[in-house]
Every structure is written in structure tokens, then in C-alpha cells.
Amino acid sequence: MNNDFYIQNNALKSDDKKKGNKIVPIIILILLLGVVGFLVYELKFNKKNSDKSDEYVEYDPNYKLEDEENRKELDSNDSDDLIDVEQSEESNSNTEDTTSNKAPDNILSNILSNVNKTSNENKASNENKASNGNANTTVKVTGVSINNQNITMYVGQTSRVSATVSPSNATNKGVTWKSSNTAIVTIDNSGKLVAKKVGTANITVTTTDGGKSFTTKVTVVAKSIPVTSLVLTNSKHDILDVGSAYLGVTINPSNATNKDIVWSNSNPSVATITELDSKLNGWKGDKFIKINGKKEGTTTITVKTKDGKYSAKCVVNVNSSLVKSISLSNVGTIYVGDVYDIKYTVNPSSALDKQLNWTSDNPSVATVSGTGRVRAVSEGNVVITASATDSSGVKAKVNVYVRENPNSLEIRWKPLYGYGPHGSTIVLAYSLFLYRNGQSINYKSILYNGKTYYPYSNPTPSELKSNITKATVYTTKGYTVSNVKINYNN
């Protein structure tokens with residue numbers, strides 16, 4: 001019995017010993033798992049804080065989606081490591097009793113191996129992050145330039161400029177823009193330019209990083225308004241060879257941007273032109289020239305816009321200032337005592353001095369006044385001359401024939417009385433007398449009824465034919481006057 005008790009007791013002790021051998025490793029395992037869990041938690045906590053810190057340290061414009069994916073992969077690896085440990089723990093707890101003596105050593109070895117693996121992976125991850133951090137190190141700006149330089153704009157125009165920041169991989173490429181005179185041109189921070197008024201201003205771009213700057217000039221000009229027409233004050237001009245005239249041009253529209261014009265002269269030997277620096281008071285036009293005559297002839301003055309698109313012309317006739325000719329009306333025959341005004345024309349009409357000097361080559365026949373009035377004095381022929389008083393030396397002549405006016409003459413038959421038979425008075429003969437306006441004048445002969453009678457002739461009463469009322473008189477100067485009336489009663 002005692003032996004049975006002993007055997008039984010030993011058996012119980014043996015069972016207790018076996019159970020004790022199993023409990024101790026489990027306790028150790030639990031402690032180690034706690035330590036490992038704490039370490040894993042700490043590592044993951046530090047890793048997450050490190051990631052968050054990296055996220056807020058500095059903005060990386062070169063940040064790529066691959067970095068985020070790598071970070072997620074590291075987190076996944078840590079989680080897998082924890083699962084592996086937990087699975088290892090569960091597997092070890094189900095290990096058969098035959099291996100229980102060796103289990104603690106194997107489990108501890110696996111745990112330490114996983115811990116080292118996780119630590120190494122975390123270290124590698126941190127090294128990778130450090131390496132990535134070095135790759136995203138801030139690149140400072142070293143300079144800046146404006147892509148559009150020495151800009152020209154017209155009033156009201158908008159434009160845009162851009163800047164190039166150096167180096168091309170600079171971290172912060174932000175810039176600001178500024179105008180030196182916003183009354184002339186403005187610019188916003190997007191580089192938009194607005195031209196306000198004519199003038200010049202500088203625009204400056206400045207980098208946010210480092211304050212690097214660059215400046216260029218902007219010139220604002222008036223908006224281009226083209227010329228639409230040219231209008232001359234005259235399309236034709238008549239001037240003297242010693243005279244001058246003015247010619248103006250109006251440029252339309254009045255607000256045209258470029259009013260530059262060019263004058264030309266087709267015949268400078270006839271007239272010359274001179275551009276004036278100012279407008280003429282009381283004249284229409286924007287620009288003027290003076291035309292100076294040189295000699296008789298014609299020339300064409302042309303004005304054109306600078307681009308040649310529009311033009312206008314004026315024909316200039318240059319006339320002589322001296323008398324070139326004198327025209328006198330034909331006088332012909334005039335009668336003694338008559339007055340005749342000679343009609344005349346002085347050419348050209350542009351002649352400055354149209355005065356004439358009048359002369360008669362025989363004033364005893366006819367005289368002439370300073371206005372060309374001829375007065376017939378006696379029978380005869382006379383030449384009247386008109387001479388220009390300028391230096392031209394031009395003259396004109398006209399012949400004047402002065403004759404007796406038959407209407408002013410009268411032939412009178414005057415009887416010559418004698419005594420007839422018984423002492424009576426009878427007409428023995430006649431004497432022929434010639435009268436002009438009641439005054440007796442001499443004559444050469446009278447042709448009457450086919451017979452010539454002289455002043456000393458005494459026709460008989462039988463030669464008198466009362467039915468004949470007119471006769472022809474031959475004057476002392478040899479001129480013939482027909483149709484002279486006869487008076488028998490005197």
C-alpha cells in the first residue's frame with residue numbers, strides 16, 4: 001500500500017512537474033509578447049508621428065504619388081509583422097508536449113528575429129525618408145528676367161508679360177509686378193498690362209524668394225488713326241512770274257495719328273514751293289506752302305500722305321507780269337469833227353501795268369487823248385499808236401481815215417446878176433460854193449450832171465437842173481465826197 005501511495009504520489013509529482021514545466025514558458029511568453037507589443041506600438045507610433053512631421057515640415061512641389069504609396073506600403077509591412085508575431089504565438093501555444101521543453105527557446109528566437117526585422121525595416125524606412133528629404137531640399141532663386149522687353153503699346157491696349165525664374169527647379173517661383181508710373185501703364189500680379197496714356201514707364205518683376213528683380217521699359221503711344229483723305233484749298237492757281245500764292249491742305253480726320261505729308265512740284269523752273277512752319281490766320285487747312293512764280297508756264301503741285309495712299313493736286317498757271325500784246329479796235333474812216341474812242345485790250349490780263357501811252361503821227365488830221373479818244377480835225381490819214389508803259393516795249397497801231405462828212409456839206413448855186421433889155425436885172429450865170437456846217441470851205445471840183453465844175457466855173461442858167469439834188473465833191477486834199485446835197489435857193 002505504501003508502495004502504491006509512493007508510486008501514486010510520485011506519479012502526481014511527475015504530473016505537477018510536467019505542468020510546471022509548461023506554465024513557466026507560457027508566463028515568459030506572455031511577458032515577452034507584452035514587451036514586443038509595446039515595442040511594436042512605440043515603433044509604429046514614432047513612425048506615424050515622423051510621417052506627420054514630414055508632412056508639415058515643408059511643401060515639396062516635386063512631391064509625387066509614389067511617396068504616398070511607399071509610406072502606405074511601410075505601414076502595411078509593420079502590420080504584417082504584428083500579425084506574424086500573433087500567429088507565431090498562437091502556433092506555439094498549440095505545440096505538442098513533446099516539444100514543450102524546446103518551445104520557449106524557439107518562440108523567443110522567433111520573437112527576437114521578428115523584432116530585429118521590424119527594427120531593421122523601420123530603420124531602412126527612416127533612412128529612405130531621410131534620403132527623400134534630402135532630395136526635396138529647398139532650391140533657392142538665383143535670378144529672374146522678363147520675357148517681353150522694351151514693350152510698345154497704344155493707349156487703351158492690354159497685353160501680358162511673363163517672367164522666367166532661375167534656376168528652373170527653384171522651389172518657390174512666386175513673383176510680384178510693379179509699374180513705376182501707374183498713370184501711364186498698370187500691371188497686376190498676373191502680368192496683365194493696361195496702357196493708360198501716352199508716355200513711358202518701367203515695369204519691375206521681383207521674386208518672392210530672395211527679392212531678385214528685373215526691369216524693362218514700356219512705351220505708350222497714341223492709338224493709330226489712319227488718314228482717310230487730303231483736301232487742298234485750291235485745285236487751280238493763277239499767279240504771276242513775279243508773284244506768289246499760298247496753298248493749304250486739310251488732313252482728314254482731324255485726329256489722324258500720322259499727319260506727315262510730302263509735297264512735290266512737277267516744274268520747278270516755272271514756280272518754286274516752300275513749306276511753312278505754321279498755319280495761316282483765317283485760312284482753312286492743317287499745313288501750307290508758298291508758291292513763288294518764276295516764269296510763264298504751268299506746273300502741278302502734288303501733296304501725298306507719308307505712306308502714299310492718299311494725294312491731291314493743284315495746277316498752277318504762272319502768267320507774265322509784263323504786257324505781251326495790245327489789241328486796238330479798227331477805226332477806219334471817220335469824219336472831220338467827229339470823236340471816236342478806240343477800244344483796246346492789254347494782254348495778258350495778269351500784267352501788272354496796263355497803262356498805255358497814246359500818240360498821233362499827224363495831229364493836224366486827228367488828235368488822240370491819253371485814254372485813246374480820237375478827234376478828227378481835217379481830212380487825211382493818221383496813225384494812232386498805243387504803247388505799253390512798262391518795260392515790255394509792246395506797241396499797237398491803228399490807221400484812221402478822216403474824211404468830210406457828206407451830211408455836213410452843202411453845194412450852193414449862187415446867181416450872178418446882170419442887166420437885160422430895157423435895164424432889167426437878169427441871171428447871167430452861177431457860182432458854185434461848198435459849205436460845211438454853214439461855213440464856206442474850199443474844194444477842188446464838183447461833179448454835177450456828168451460835168452465837172454471848178455470854183456472858178458460859172459455855169460449858165462441852162463445848166464442848172466433843179467431836179468438834181470446831189471453831187472460829188474472832190475476836196476482840196478484829193479478825197480471824194482459823194483452824195484453832197486445841193487441848195488439852189490442861195
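Trp 413, Tyr 430, Tyr 448, Tyr 453 and Tyr 488 form one aromatic cluster. Rings of Phe, Tyr and Trp (its six-membered ring) count as a pair if their centres lie within 6.5 Å. This is a predicted model: local features need pLDDT of at least 70, side-chain atom pairs count only at pLDDT 80 or more, and totals for chains, interfaces and linings use all residues. Residues are numbered from 1 along each chain as its sequence is written, and side-chain values use heavy atoms, with hydrogens and water left out.

**Aromatic pairs**

- Nine aromatic pairs turn up in a search of the whole structure.
- Trp 413 and Tyr 430 are edge-to-face, because their ring centres are 5.6 Å apart and their planes stand at 70 degrees. Planes under 30 degrees apart count as stacked, over 60 as edge-to-face and the rest as tilted.
- Trp 413 sits in strand E27 (residues 409-419) and Tyr 430 in strand E28 (residues 425-436), 17 residues apart. Strands (E, at least two residues) and helices (H or I, at least four) are DSSP runs, numbered from the N terminus.
- Trp 413 also pairs with Tyr 488: the centres are 5.8 Å apart and the planes at 45 degrees, so this pair is tilted.
- Tyr 488 lies in the segment after strand E33 (480-487), so its pairing with Trp 413 ties together parts 75 residues apart in sequence.
- Trp 413 and Tyr 430 are both buried, and Tyr 488 is buried too. Buried means under 20% relative accessible area, exposed over 50%, partly exposed in between (1.4 Å probe, protein chains only).

**Salt bridges**

- The count comes to six salt bridges, each a side-chain nitrogen of Lys or Arg within 4 Å of a carboxyl oxygen of Asp or Glu.
- Arg 436 and Glu 404 meet at 2.3 Å, N to O. Arg 436 is in strand E28 and Glu 404 in the loop between E26 and E27, 32 residues apart.
- Arg 436 is partly exposed because its relative accessibility is 24%. Glu 404, at 7%, is buried.
- Lys 451 bridges to Glu 463, with the closest N and O atoms 2.8 Å apart. Lys 451 lies in strand E31 (residues 451-453), and Glu 463 in the loop between E31 and strand E32 (470-474).
- Lys 451 is partly exposed at 42%, whereas Glu 463 is buried at 19%.
- Glu 296 and Lys 324 form a salt bridge at 3.0 Å, N to O.

**Nonpolar cores**

- The largest nonpolar core has 24 residues; Ile 326, Val 374, Ile 384, Val 400 and Val 402 touch the most other members. Such a core is a set of buried Ala, Val, Leu, Ile, Met, Phe, Trp, Tyr and Cys residues joined through side-chain atoms within 4.5 Å.
- Strands E22, E23, E24, E25 and E26 each supply at least two residues of this core.
- A second, separate core of 21 residues includes Val 227, Leu 247, Val 249 and Ile 251.
- Beyond its neighbours within four places in sequence, Val 402 has contacts that include Ile 334, Tyr 335, Val 336 and Val 365. Contact means heavy atoms within 4.5 Å.

**Whole chain**

- The protein chain has three helices and 33 strands.
- Of its 490 residues, 32% are buried.
- Among contacts between residues at least 6 apart in sequence, 58% join residues at least 24 apart.
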